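Let's take a walk through a protein together. Have a look at the sequence and the fold, and then we will go step by step.

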Amino acid sequence: VKKIGMVAGGTGITPMLQIIKAIMKNKSDKTQVSLLFANQTEEDILVRDMLESEQKANPDRLKLHYTLDRPPAGWTGFTGFITADMLRSSMPGSGDDSVVLMCGPPIMLDKAVRPNLETLGFGKAQMLAF
C-alpha cells in the first residue's frame, strides 16, 4: 500500500492520529496519507494543532481536509455530510496500491462513507473500519 485515505468522525480521529504519527516518524516511508475529518463545528476539531503540525512537517506525505456540519462564516473547508465529491477530491484513487481507513459514528460510515467509496470504485477489501 502506497496511499492511505482516512475518514474520521469526531473521536474517531484517535486511531488515525496514531497511524499518522507512526508513518510520519519514519522519514524513509513514502506512504501518502490523506485525511478527511468530519465534525459538527470548528471548535470540535480534536487534536487539530497536532494534525496541522504533522502536515506542516510532512507536506508531501500528509494532506488534511475538514468538513463541518455547522461551519463559521468564512470557513473554506468542506461543509455538511460526507459526499462522493468530497471523497473524490480528498482520498486517493481506488487502485491496487490504496486503502481507506475509517473510524467514526456507525451512521456516518454506513450511510455516507462506505456507499460513496463504493461509488468511487473501492472494493470491500480496500475499506477498513474500526
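**Starting from a covered helix**

The buried residues of helix α4 are covered by elements that include β1, β2, α3 (84-90), β5 and β6 (127-129). Keep in mind that you are looking at a predicted model. Which residues of α4 are buried? They are Met-108, Leu-109, Ala-112, Val-113, Asn-116 and Leu-117.

Now follow α4 from end to end. This helix runs over residues 106-119, which makes 14 residues. From its first C-alpha to its last it reaches 19 Å, close to the 20 Å expected at 1.5 Å a residue. Along the way you will find a kink of about 30° at Val-113, shortly before the proline Pro-115. After α4 comes Gly-121, with a positive phi near 95°.

In soluble globular proteins, nonpolar side chains tend to be buried together. Here the largest nonpolar core has 22 residues, and Met-6, Ile-20, Val-33, Leu-35, Phe-37 and Leu-51 are those with the most contacts inside it. Two or more residues each come from β1 (3-9), α1 (13-25), β2 (32-39), β3 (62-68) and β5 (98-103). Helix α1 gives the largest share of this core, 6 residues. Apart from this core lies another one, of 16 residues, among them Val-7, Ala-38, Ile-82 and Phe-122.

To finish, zoom in on Val-33. Beyond its neighbours within four places in sequence, Val-33 is in contact with Ile-4, Met-6, Ile-20, Ile-23, Met-24, Arg-61, Leu-62 and Lys-63.

Methods:
Residues numbered from 1 in each chain as written. Predicted model: local features only at pLDDT ≥ 70, side-chain atom pairs only at ≥ 80, totals over all residues. Heavy atoms only, no water. Core = buried A, V, L, I, M, F, W, Y, C linked by side-chain atoms within 4.5 Å. Buried < 20%, exposed > 50% of the residue type's maximum accessible area, 1.4 Å probe, protein only. Helix = DSSP H or I, 4+ residues; strand = E, 2+ residues; numbered from the N terminus. Contact = heavy atoms within 4.5 Å. Expected span 1.5 Å × (residues − 1). Bend = angle between axes of the 7 residues up to and from the residue.
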